[in-house]
Amino acid sequence: MMMMENLGLPEDQPIEAKILSRTIENAQKKVEMRNFGIRKHVLQYDDVMNKQREVIYKERVRVLEGENLKDHVLNMSSQAVDGAIEQYTDGFKYPEEWNIDGLLKYINNIYSVDNVSFDRNQEDLDKEYLKETCNAAIAEYYEEKEKEITSDRMREIERIILLRTVDTKWMDHIDAMDQLRQGISLRAMGNEDPVRAYQNEGYDMFNELIQSIQEDTLRSLFHVRIDNQLERKKVAKINEPQGDSTAKPVVKKKKIGRNDPCPCGSGKKYKKCCGMNE
C-alpha cells in the first residue's frame, strides 16, 4: 500500500514491469535535473568569486613584481575623494546645502591633511572645484611626506602596506561571501533567484571591499611616521652603564672574573654589568 502511494499509482492498478520501470525512470530524471541545477548554481557562484579573485590578484601582482605604486596610490586617492564628495553633496540641490564640514572631517581623518579650505561663497562653487582643491592639497602633502621619508623608503612602504591590507581584507571577504552562499539557497523559497541574489549582493560586497582597501591603505600611508632617531636611541641605550646611574666606569688593574661582583658597586655580577660588552 505504502509503495503504491509513494509511486503515485492507483491502488487497483496491477504492478507491471513497464509501469514500475517508467516510474523509476521519471524519478531518476527529477533527481538528475535537481542535481544538475545544483551543479549549475555552484558553477555560477564560483564564476562570481573567480571574477573578484582576478581583480584582487592583479592588485597583489603589482606589489610582488615591485611596481612603482606612487601613481596607483594617488589614483586610489582620487577615487576615494570622488566618492566622498558624492556622499557629502548627494541629495542637495544647492551648494550652500552641501555638508562641507563633513567632507573636510573625512579628508583630515583619511589623509591627516588639515590645510584644505573652500571659498563657500564663490558663485561657481561646484563638485569639480571641490575635487581639484582636495586632490591638489593631498598630492602636495604626499610629496612632502616622500621628501621626509625618501623616495626609496616610501616606495617600499607603499608595497608593504598595500599587500598587507589587500590580503587581510580579502580573507575577510572570502568568509563573508561563503556565509552569503550558504544562506542564499533560502531565497528560492521566496520565489527569488538565488544566483541573481548572490551576484547582486556579492557585487555590492565587493565594491565595499575595494573601498575599504583604498581607505585603509591611504590612511596608513598618510599617517605613517618614520623615526630616524629610533635606531640611534636603541644603540645608545644598549651602551649605557647598567645599575646605579652614579656608578663610574671601572678602571681595571687586575683580571676580574665574569661571575665576580662588579667593582662599580651595583651589586650585579661583572658579566651582567660593566663587563657585558666584553
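Predicted model: local features only at pLDDT ≥ 70, side-chain atom pairs only at ≥ 80, totals over all residues.
Colleague: Which residue does Asp167 pair with, and how far apart are the closest N and O atoms?

Modeller: Asp167 forms a salt bridge with Arg60, and the closest N and O atoms of the two are 2.6 Å apart. The pair links distant parts of the chain, with Asp167 in helix H6 (residues 151-184) and Arg60 in helix H2 (residues 17-64), 107 residues apart.

Colleague: And what is the relative accessible area of Asp167, and of Arg60?

Modeller: Asp167 has a relative accessible area of 27% and is partly exposed, while Arg60, with 24%, is partly exposed.

Colleague: Helix H6 also holds Lys169. What does that side chain meet?

Modeller: The side chain of Lys169 meets that of Asp216 in a salt bridge, at 3.0 Å from N to O. Because Lys169 lies in helix H6 and Asp216 in helix H7 (residues 194-223), this pair ties together parts that are 47 residues apart in sequence. Lys169 counts as partly exposed at 22% relative accessibility, and Asp216 is partly exposed with a relative accessible area of 26%.

Colleague: Switching to helix H5, how are Lys131 and Glu128 placed along it?

Modeller: They are three residues apart in helix H5 (residues 127-149), which means that Lys131 and Glu128 are separated by about one helical turn. Their side chains meet in a salt bridge, with 3.9 Å from N to O, a value that falls within the 4 Å cut-off.

Colleague: Is Lys131 buried or exposed, and what about Glu128?

Modeller: Lys131 has 16% relative accessibility and therefore counts as buried, the cut-off for that being under 20%. Glu128, at 45% relative accessibility, counts as partly exposed.

Colleague: Which residues are linked in a network of salt bridges?

Modeller: That network of salt bridges links Lys70, Glu143, Glu146, Arg155 and Glu158.

Colleague: Last topic, the surface: which residues form the negative patch?

Modeller: Asp119, Asp124, Asp126 and Glu132 form a negative surface patch. Of these, Glu132 is found in helix H5, the helix that also holds Lys131 and Glu128.

Colleague: Why does Glu132 count as exposed?

Modeller: Glu132 is exposed because its relative accessible area is 55%, and exposed means over 50%.

Conventions. Residues numbered from 1 in each chain as written. Heavy atoms only, no water. Helix = DSSP H or I, 4+ residues; strand = E, 2+ residues; numbered from the N terminus. Buried < 20%, exposed > 50% of the residue type's maximum accessible area, 1.4 Å probe, protein only. Patch = residues over 30% accessible without salt bridge, like charges linked within 9 Å, V, L, I, M, F, W, Y side chains within 5 Å. Areas by Shrake-Rupley, 256 points an atom, 1.4 Å probe, with all protein chains shown as cover. Lys, Arg positive; Asp, Glu negative; His and termini not counted. Charge placed at Lys NZ, Arg CZ, Asp CG, Glu CD.
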